[in-house]
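Here are my notes after a look through this one. Have the model open while you read, and take the points in order.

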Amino acid sequence: METNLELYENWLKNNGLIYDFDNDGDLHFKYQMCNFYILNPKTDSQFLHIILPNIWNIESHEERINALEVANKLNMGRKALKAFLTDSNVFLSVEMFIDNTPDIEDFMERLLDILIEGRQIFAQEMHQKQG
């Protein structure tokens, strides 16, 4: 029986996406010119966590406040999407529980598109706050 990580790897192969593994065993790949990671949940095989990192670089305290407001708006208004801040960057993620035999063809592309749309909305909102 395939592990979920092997299912994700096979989905990437079947969709012609080049991928590699980072030092933590997470899958890294590009989709629609964006870098994504599928985290390898070592303690919960039914947890799917996809990250779109570094979508915005925070350069000031005021920009951090604006980014928190936009992130909160995204978190409240978008299904499955989480926006969060690190020290100086904004990341987006989707997190969900899946069963032991998921048909990821049913949802993987939609999850990636949610993240890409979230990145576009985040940038638009930040530009409006700055301009």
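This is a predicted model: local features need pLDDT of at least 70, side-chain atom pairs count only at pLDDT 80 or more; totals for chains, interfaces and linings use all residues.

1. H3 covers residues 108-130, and at 1.5 Å a residue its 23 residues should span 33 Å.

2. Still on H3, quite a list of its residues is buried: Met 108, Leu 111, Leu 112, Ile 114, Leu 115, Ile 116, Gly 118, Ile 121, Phe 122 and Met 126.

3. Now the sheet. Six strands make an open sheet in the order E1-E2-E3-E4-E6-E5, and the pairing is antiparallel. E1 (19-21) and E5 (81-85) are the edge strands; each has a single partner strand, so one side of each has no neighbour in the sheet. From one strand to the next, the twist averages 25°.

4. For a closer look at one pairing, take E2 (residues 27-31) and E3 (residues 34-38): they run antiparallel and are joined by five bridges. Leu 27, for instance, has Ile 38 in E3 as its bridge partner.

5. Helix H2 (residues 61-77) lies across E4 (47-57), E5 and E6 (89-97). Relative to E5, H2 runs at about 165°.

6. Last, Ala 80, which is in the loop between H2 and E5. Is Ala 80 buried, exposed or partly exposed? Its relative accessible area is 40%, so Ala 80 counts as partly exposed. Setting aside neighbours within four places in sequence, Ala 80 is in contact with Ser 93, Val 94 and Glu 95. Ala 67 is 13 residues from Ala 80 in sequence, and the two are 19 Å apart in space, C-alpha to C-alpha.

How values were computed
Residues are numbered from 1 along each chain as its sequence is written. Side-chain values use heavy atoms; hydrogens and water are left out. Helices (H or I, at least four residues) and strands (E, at least two) are DSSP runs, numbered from the N terminus. The expected span of a helix is 1.5 Å times one less than its number of residues. Buried means under 20% relative accessible area, exposed over 50%, partly exposed in between (1.4 Å probe, protein chains only). Two strands pair if DSSP finds at least two bridges between them. Axes are lines fitted to C-alpha atoms, for helices over the stretch in contact, and angles run from 0 to 180 degrees between N-to-C directions. Contact means heavy atoms within 4.5 Å.
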